[in-house]
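Biologist: I would like to learn how to read strands, helices and cores in a model. Can we take them one by one?

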Protein chains: 2
Amino acid sequence: MTKKILLIVLIVLSVTFVSGCTNLAKDFSEKFGNIEKPDNIESSAESASDLLSSETDVLYQVSTIDALLQGVYDGVLPVAELATHGDFGIGTFDGLEGEMLALDGNYYQIKTDGIAYPVSGEMLTPFAIVTYFEADENFRLEKPVNLTELENFLDLNLPSENLFYAVRVNGNFSYIKARSVPRQEKPYPKLADAVSTQSVFEFENISGTLVGFKAPEYVKGVNVPGYHLHFITEDRNAGGHVLDFEMENGDAAIDITSEFFMELPTSGDFYNVKLGQDLQNDMEKVEK
Amino acid sequence: MTKKILLIVLIVLSVTFVSGCTNLAKDFSEKFGNIEKPDNIESSAESASDLLSSETDVLYQVSTIDALLQGVYDGVLPVAELATHGDFGIGTFDGLEGEMLALDGNYYQIKTDGIAYPVSGEMLTPFAIVTYFEADENFRLEKPVNLTELENFLDLNLPSENLFYAVRVNGNFSYIKARSVPRQEKPYPKLADAVSTQSVFEFENISGTLVGFKAPEYVKGVNVPGYHLHFITEDRNAGGHVLDFEMENGDAAIDITSEFFMELPTSGDFYNVKLGQDLQNDMEKVEK
C-alpha cells in the first residue's frame, strides 16, 4: 500500500505544525530544573581514568527491541519524562501508533498520513531511544549516496564498532522512502505482522534530516544492531521510518555514545513475553 | 589444580582483613556527598507511570562480558568510582587479577590463595556489575540445595524472566567449591584459556554469603545470562567465583532491578576487539 505524497500536496495540506510543537525538554527543564546530566556521572567523569568517557554521552532506552518485535506495545513512559533524557531520538507510541522522532528538543509523531504531529508530554511510549545530541565528528558529503552507501561511509569513520552512536544527517534528497505504522488493537500482533499494514511515503527533491542511531552487534535482542534512522522534512511537517533514499549531498554528524541506560517496564505484557529468542528474521521484515 | 584450603588453615593464616577493609562507598560518600541516586532517576520515578519502577534499582556495569571473554583485561574504572554506583556486586581487577566481591559497601579482592584482600580505591576494574542492594523479596531455605537447585528455586519465585536481579544468600554450606584466576600477562589470552590457570578452593562446613546477579537471556553478549555468583565466608576472609556447593540451609534475598546502566571503555583494547560473535562455548568453560 504505497502512497505517493508529493511535497506540493504536503505544503497545501499541512498547517505549520512546527510552530505548535512543544519543546518538551525545555518545558520540563524549566519546571523541574536542568536534570539531564546525573550528578554521579559528572562526578565519575571528573575523576575517571582517561579510558572512560569524559562526557555525559548517555543513550537512554525504554524497554527492548525484542519486546517490541514480540508485540509489547503498551506505553510505559510519558514523553515528558523521556524528554528529560534527551533532545534527539526515535521510537514509537502507545499501541504502536506512528513513528517517534525527536530533534532539537522537539518531539514529533509521524502518523500513517506521513504528517509529523506535535507530541504532548502525557503521551506514552513503549519503546524509544534518546540522547542529548552533541556532534563529536562532522562530515560533508558532496556526492550522491543511497542508504547503504551512507552507512558504509559512516562505518569507515566511526572510531570503534563497539560503541553506540547518535547519527544526524541534514541532506538534500532526490528521493526518500519512509513508512509509518497504524495504531494496533489488542491482542497485539507481532511487529513483523503489524508492519504489513504500514503506510509508505515517497518524497522527491526534498530537504530534511535523518535522525537515529547505530548500535553495536552485541546488543542484539536489546537494541537494533546497525543503523536505525527516521526522517523529518526541513519544514518539520512530514517524515517516517527510513526505508530507502538517494541523497544528493548533506552534512552528517555523529555523537559518540559510550554510556547506555535501559529502563525496563516493571509490569504489564513485558513481564511475561518470551524474550531471548533469535528474532533476526522478524527484525529484517521490520526494518526493510 | 585443586587446592584444598581448610577453614582451620585460613583462620591460622589470615589476619583480620575485615577490619582493615575500607568501606569505599561510605568514604566516597563522605568526600563527595551522597551521590548514588542520580537526580534525574528520582525525578523520573516521582512522576512515572506505575508501570515503571518507583525505586532506584540500577544495575551498573563496566564494559561487557564478551569483551572480557575476548581478553580485554586492562582496568578502566577505579573502584572508588565503582563504589559510588553500588554497595553490592561482583567483577574482576586489572589484568584479571582475582575475583571482585562487594558486600555491604566493602570491596574485596579474592586472589589465587583464596584469601579475600581489602581493595584500595585506586585499583582499576575492566569488568564489574554493582548495585545498591535493597531486598525486595526474602526466602528462607530450610532444606539442603545445591547450586542448580537454588537457581531453580529462585527462578520459580522471580516475578519475570525479563528483568535483572541482584541475589544475596546467607547460608550454611556443607561444601562449596570456588575459584580465582591469577593476574594475566600481555598479550592477554582469552578468558576461556586464562581460567585454565585458575586455582580452585573447596570449603567444608562453612557459613558465608553468595553475592551475584541473574541477568535475562536477551543480554547475552552484554552480561552473563542466568546466574553469576561469587562467595565470601562469614568472617570475610576467603571466597571466590562459585563453581558448586551444597547448602544446608540459608536466607535468600533478591533485589528486583529494572534499570541497567552500562559504561563502555572509550579507548584501549575494547575499541578494536571483535565482539558480537557467539561465545557460548567460551562462556560455559568460564562459568563452570
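Biologist: Which strand do 4 bridges join to strand 4 of chain B, and in which sense do the two run?

Modeller: A word on the source first. This is a predicted model, where local features need pLDDT of at least 70 and side-chain atom pairs count only at pLDDT 80 or more, while totals for chains, interfaces and linings use all residues. Residues are numbered from 1 along each chain as its sequence is written, chains are lettered from A and ligands numbered from 1 in the order in which they are written, and side-chain values use heavy atoms, with hydrogens and water left out.

Modeller: Now the terms. Helices (H or I, at least four residues) and strands (E, at least two) are DSSP runs, numbered from the N terminus. Two strands pair if DSSP finds at least two bridges between them. Here the partner is strand 9 (residues 128-131) of chain B, and the two run antiparallel. Ile90(B) stands opposite Ile129(B).

Biologist: What pairs with strand 4 of chain B over 4 bridges besides strand 9?

Modeller: Strand 5 (residues 99-103) of chain B, also in the antiparallel sense. There, Leu101(B) is the bridge partner of Ile90(B). Strands 4 and 5 of chain B form a hairpin with 6 residues between them. In its turn, Gly95(B) has a positive phi of about 75°.

Biologist: Which way do the residues of strand 4 of chain B point?

Modeller: In a regular strand the side chains alternate between the two faces of the sheet. Phe88(B), Ile90(B) and Thr92(B) point one way, Gly89(B) and Gly91(B) the other. Buried means under 20% relative accessible area, exposed over 50%, partly exposed in between (1.4 Å probe, protein chains only). In strand 4 of chain B (residues 88-92), 5 of the 5 residues are buried.

Biologist: Now a helix. Which residues of helix 7 of chain A are buried?

Modeller: An α-helix has 3.6 residues a turn, so residues three or four places apart point the same way. In helix 7 (residues 147-157) of chain A, Leu147(A), Leu150(A) and Leu154(A) are buried. They line one face of the helix, because they fall within an arc of 65° seen down its axis. The arc is that of the directions from the helix axis to the C-beta atoms. Among the elements that cover them are strand 12 (164-180) and strand 13 (199-215) of chain A.

Biologist: What does strand 13 of chain A pair with over 8 bridges?

Modeller: Strand 14 of chain A, running antiparallel. Thr209(A) stands opposite Ile232(A) in strand 14. Strand 14 of chain A has 8 of its 8 residues buried. 3 bridges join it to strand 15 of chain A, again antiparallel, and His230(A) stands opposite His241(A). Their hairpin has 5 residues between the strands, and Arg236(A) takes a positive phi near 60°.

Biologist: Which residues touch the most other members of the largest nonpolar core?

Modeller: A nonpolar core is a set of buried Ala, Val, Leu, Ile, Met, Phe, Trp, Tyr and Cys residues joined through side-chain atoms within 4.5 Å. The largest has 146 residues, and Leu210(A) and Leu210(B) touch the most other members. Contact means heavy atoms within 4.5 Å. Leaving aside neighbours within four places in sequence, the contacts of Leu210(A) include Leu150(A), Phe173(A), Leu229(A) and Phe245(A). A second, separate core of 32 residues includes Val76(A), Ala83(A), Met100(A) and Val79(B).

Biologist: How much of chain A is buried?

Modeller: Buried residues make up 61% of its 288 residues. Chain A has 9 helices and 16 strands.
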